[in-house]
Amino acid sequence: MTNTGSHGTGPFIAAIDQGTTSSRCIVFDRDGRIVSVDQKEHEQIFPKPGWVEHDAKEIWTNVQEVVAGAVEKAGITAADVKAIGITNQRETTLMWDKNTGEPVYNAIVWQDTRTDALCKELGRNVGQDRFRRETGLPLASYFSGPKVRWLLDNVEGLRERAEAGDILFGTMDSWVIWNLTGGVNGGVHVTDVTNASRTLLMNLRSLEWDERILSSMEIPAAVLPEIRSSAEVYGTAQGGALAGVPVASALGDQQAALFGQTCYDKGEAKSTYGTGTFMLMNTGDEPVQSYNGLLTTVGYRIGDEKPVYALEGSIAVTGSLVQWMRDQMGLIKSAAEIETLASSVEDNGGAYFVPAFSGLFAPYWRSDARGVIAGLTRYVTKAHIARAVLEATAWQTREITDAMTKDSGVELTALKVDGGMTSNNLLMQTLSDFLDAPVVRPMVAETTCLGAAYAAGLAVGFWPDTDALRANWRRAAEWTPRMDADTRDREYKSWLKAVERTMGWIEDEE
Ligand SMILES: Nc1ncnc2c1ncn2[C@@H]1O[C@H](COP(=O)(O)OP(=O)(O)OP(=O)(O)O)[C@@H](O)[C@H]1O
Ligand SMILES: [Mg+2]
């Protein structure tokens, strides 16, 4: 997808999506239509089993390139762009020297499990839920705080430099905004409430860093960015293709998708199918504690309005399982081919694939789980495995929607979906079958960028209010359930049996 042609003459909003596998920039017009896209992948660094890193300098270079690329493809100049919105892979943690702009270590990616043992230790006698009341999160290697602590403990001399005030911590929103707004020459060091709510360091109600948790985790306050709203002007881009344009929003990618899907009312939910899958439900202006393995998180905050909270079901591995089939197993040549292969058989042939590559996220939060393929017989072919791969995404979604129903009391009537995997028809049909509910996809499936653009546009008055944004949402496709209840129940039971078999694989290492 490059240039969709038919758009007005502007003005426009540009959104930067700093994702797990790539960075992209999309220019949108006032109707929320895509004018141009540019995208660039970056290297995934796997130094050891369970470790995942990114080169933050490479990422910043890519961001500059895709911004220039999108502006050029749109045939516009910085003067046509009213604001820049930022969205990003969440939790991925970076520390850098504020005097030189040099990262002190690679960014530690959200999927990285190196802090498992540290998280257990931080749980003390209370366990995983030690900070749940304040932060809405279990203590897990997924979140940023323990990654910061790991860096402070493992990068030589870092703690001293951090305490002296020379070191900045940030998730990728902070890194991009700091660099965009001038870097060593006056760059602003900020994050937004949604990204901050994924650190295990922010109090969900006060929306401030929690001093008690900081001291438990031994993280000096001097490294922390200022927590701001998701939609407000943080500063102005200095240099680059969009020099002079206000930087006016930041949201974690999943919250941006919630915003882009226009889930502005309590009870509205979306599910985004990318590297992982993340379902978020708007719960209004009160945080709802989960008793079923979901996270409580900030959905968004516009200017000085009240924050809007969300319940989240996070699945670590969905699209990345397809990538694994392609890159590590070599069973397919492109991600899209998984559908062709899976469609060549009627069913899974009895095979179930639970991709617990970095443990299990929601609703289990088990770091001792590892992946299994269960139910193998001599009958099973690679096509059955391909089917099991797609079904894994659908069953994991089903487990999340079950938990959402229990926590919120709201029965799922339809699921709004987006993300790269939603171009897979078989997957979307399977999802509808397993959920026994309609699945709908909007015209603009790039809801992550769209949400960041919407928030930035609201901040500068490009759009008047959320009603105007809602009017832009258009349905592009819908799938309705075709599976009979007996089959669904039987298959679900088999899936849950396979899930059980992943647990306890890793025994206390030390
Ligand atoms: N037709 C397809 N069928 C199944 N999976 C697909 C298909 N096309 C893409 N994918 C998967 O979707 C993912 C890419 O989707 P998307 O671009 O939304 O990812 P993302 O999570 O936004 O990336 P990032 O993490 O960089 O933000 C990849 O993991 C890819 O394997
Ligand atoms: Mg993404």
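Which backbone nitrogen does the side chain of Asp29 reach? I began with this question, keeping in mind that the model I am reading is predicted. The side chain of Asp29 reaches the backbone nitrogen of Asp31, and I noted a distance of 2.9 Å for the pair.

**Entry on Asp29**

I then looked up where Asp29 belongs, and found it in the loop that joins β2 (22–28) to β3 (34–41).

**Entry on Glu91**

My next stop was Glu91, which I located in the loop between β5 (81–88) and β6 (94–97). Glu91 has a relative accessibility of 1% and therefore counts as buried. I followed its side chain to that of Arg198, where the two make a polar contact at 2.8 Å. Setting aside neighbours within four places in sequence, I listed the residues in contact with Glu91, among them Ile108, Trp110, Tyr142, Phe143 and Lys147, as well as Arg198.

**Entry on helix α10**

I turned to helix α10, residues 319–327, and asked which of its residues are buried. I wrote down Gly319, Ser320, Leu321, Val322 and Met325. The elements that cover these buried residues include α11 (337–343), β17 (352–354) and α12 (382–408).

**Entry on ligand 1**

Where does ligand 1 sit? I found ligand 1 in the largest pocket. The elements that give two or more residues to the shell around ligand 1 are β2 and α10, and the largest share of that shell, 4 residues, comes from α10. I recorded 20 residues surrounding ligand 1, of which the closest are Thr20, Thr21, Thr275, Gly319 and Gly420; Gly319 is also one of the buried residues of α10.

For the polar atoms, I noted that a polar side-chain atom of Thr275 lies 2.7 Å from an oxygen atom of ligand 1, and that a polar backbone atom of Gly420 is 2.8 Å from an oxygen atom of the ligand. A nitrogen atom of ligand 1 lies 3.5 Å from a polar side-chain atom of Ser423.

Notes. Residues numbered from 1 in each chain as written. Chains lettered and ligands numbered in written order. Predicted model: local features only at pLDDT ≥ 70, side-chain atom pairs only at ≥ 80, totals over all residues. Heavy atoms only, no water. Polar contact = N/O pair within 3.5 Å; in protein donor to acceptor, adjacent residues only side chain to side chain. Buried < 20%, exposed > 50% of the residue type's maximum accessible area, 1.4 Å probe, protein only. Contact = heavy atoms within 4.5 Å. Near = heavy atom within 4 Å. 1 Å grid on protein atoms, 1.4 Å probe; cavity = no way out; pocket = protein on both sides within 12 Å on 5 of 7 lines; lining within 4 Å. Sits in = over half its atoms within 2 Å of the grid points.
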